[in-house]
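Hi,

Here is the structure I promised to pass on. Have a look at it first, and then read my notes below.

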Amino acid sequence: LSICICFLHYQCVFAVSCIDHLGVADGLSHYSINEFYQDEYERMWVATRHGLNCISGSVCRIIQSDSTNTYLPNDYIRHICGDGQGSILLQCASAAVFMDLLTEKTIEIEKNGVQTICYGIGHYLYAARDSVFTFSPTQGKQCVYTADKRITSIMENEQGLWVATEK
């Protein structure tokens with residue numbers, strides 16, 4: 001199985017860089033891809049079942065739980081989102097992990113129970129069990145909402161916080 005990725009710079013009409021196919025034989029850590037995120041440094045981050053992949057130009061780098069410089073609690077990267085200002089939030093199985101993109105240093109925010117993550121208005125959000133938390137590196141984490149059921153999806157926009165729960 002392979003994937004086709006083409007990075008476009010929206011202010012121009014041409015492709016900045018193009019990869020026709022990318023699979024395990026090309027350096028991807030696993031053929032099962034959960035999510036993509038393109039950062040402000042024009043790198044593509046690929047969340048897989050067996051690690052986080054960083055694609056810069058034609059180089060694919062793998063970050064896994066046994067990496068020496070970057071801590072990940074496990075290799076199953078379910079979701080990835082970013083703030084457009086130099087950081088990303090990862091959902092590693094059921095943990096939430098913040099990463100500074102320049103240093104690639106991480107902070108494990110929540111060890112287990114994380115159902116979903118997103119970037120809201122000026123902060124990251126994640127749902128763990130029946131609660132929604134915000135996180136920023138300067139203010140840490142804060143509980144902003146608690147439901148009477150397990151939360152499955154969250155989103156924040158100008159209208160407020162949107163929360164989906166189990167029946």
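Predicted model: local features only at pLDDT ≥ 70, side-chain atom pairs only at ≥ 80, totals over all residues.

How many salt bridges does a search of the whole structure find? It turns up six.

Glu110 forms a salt bridge with Arg129, and their closest N and O atoms are 3.3 Å apart. Glu110 sits in strand β10 (residues 106-110), while Arg129 is in the loop between β12 (124-128) and β13 (131-136), so this pair ties together parts that are 19 residues apart in sequence. Glu110 also has a salt bridge with Lys141, where the side chains meet at 3.0 Å, N to O. That pair links distant parts of the chain too, with Glu110 in strand β10 and Lys141 in strand β14, 31 residues apart. Put together, salt bridges that share partners join Glu110, Arg129 and Lys141 into one network.

Is Glu110 buried or exposed? Glu110 counts as buried because its relative accessibility is 10%, and the cut-off for buried is under 20%. Its two partners come out otherwise: Arg129 counts as partly exposed at 40% relative accessibility, and Lys141 counts as partly exposed at 41%.

As a bit of background, nonpolar side chains in soluble globular proteins tend to be buried together. Here, the largest nonpolar core has 15 residues, and the members that touch the most others are Trp45, Leu52, Leu72, Ile80, Ile88, Leu90 and Met99. At least two residues of this core come from each of β4 (44-48), β5 (51-56), β7 (77-82), β8 (87-92) and β9 (95-100). Strand β8 gives the largest share, three residues.

Leaving out residues up to four places away in sequence, Leu52 touches Trp45, Val46, Ala47, Arg61, Ile62, Ile63, Leu72, Ile77, Ile80, Ile88, Leu90 and Met99. There is also a second, separate core of twelve residues, with Cys81, Ile117, Ala128 and Phe135 among them.

Which residues make the nonpolar surface patch of about 240 Å²? Val144, Tyr145 and Leu161 do. Val144 lies in strand β14 (residues 140-146), the strand that also holds Lys141. With a relative accessible area of 44%, Val144 is partly exposed.

**The chain as a whole**

A few totals to finish. The chain has 16 strands and zero helices. Of its 167 residues, 44% are buried. Among the contacts in the chain with a separation of 6 or more, residues 24 or more positions apart account for 36%.

Cheers

Notes. Residues numbered from 1 in each chain as written. Heavy atoms only, no water. Core = buried A, V, L, I, M, F, W, Y, C linked by side-chain atoms within 4.5 Å. Buried < 20%, exposed > 50% of the residue type's maximum accessible area, 1.4 Å probe, protein only. Helix = DSSP H or I, 4+ residues; strand = E, 2+ residues; numbered from the N terminus. Contact = heavy atoms within 4.5 Å. Patch = residues over 30% accessible without salt bridge, like charges linked within 9 Å, V, L, I, M, F, W, Y side chains within 5 Å. Areas by Shrake-Rupley, 256 points an atom, 1.4 Å probe, with all protein chains shown as cover. Salt bridge = Lys/Arg side-chain N within 4 Å of Asp/Glu carboxyl O.
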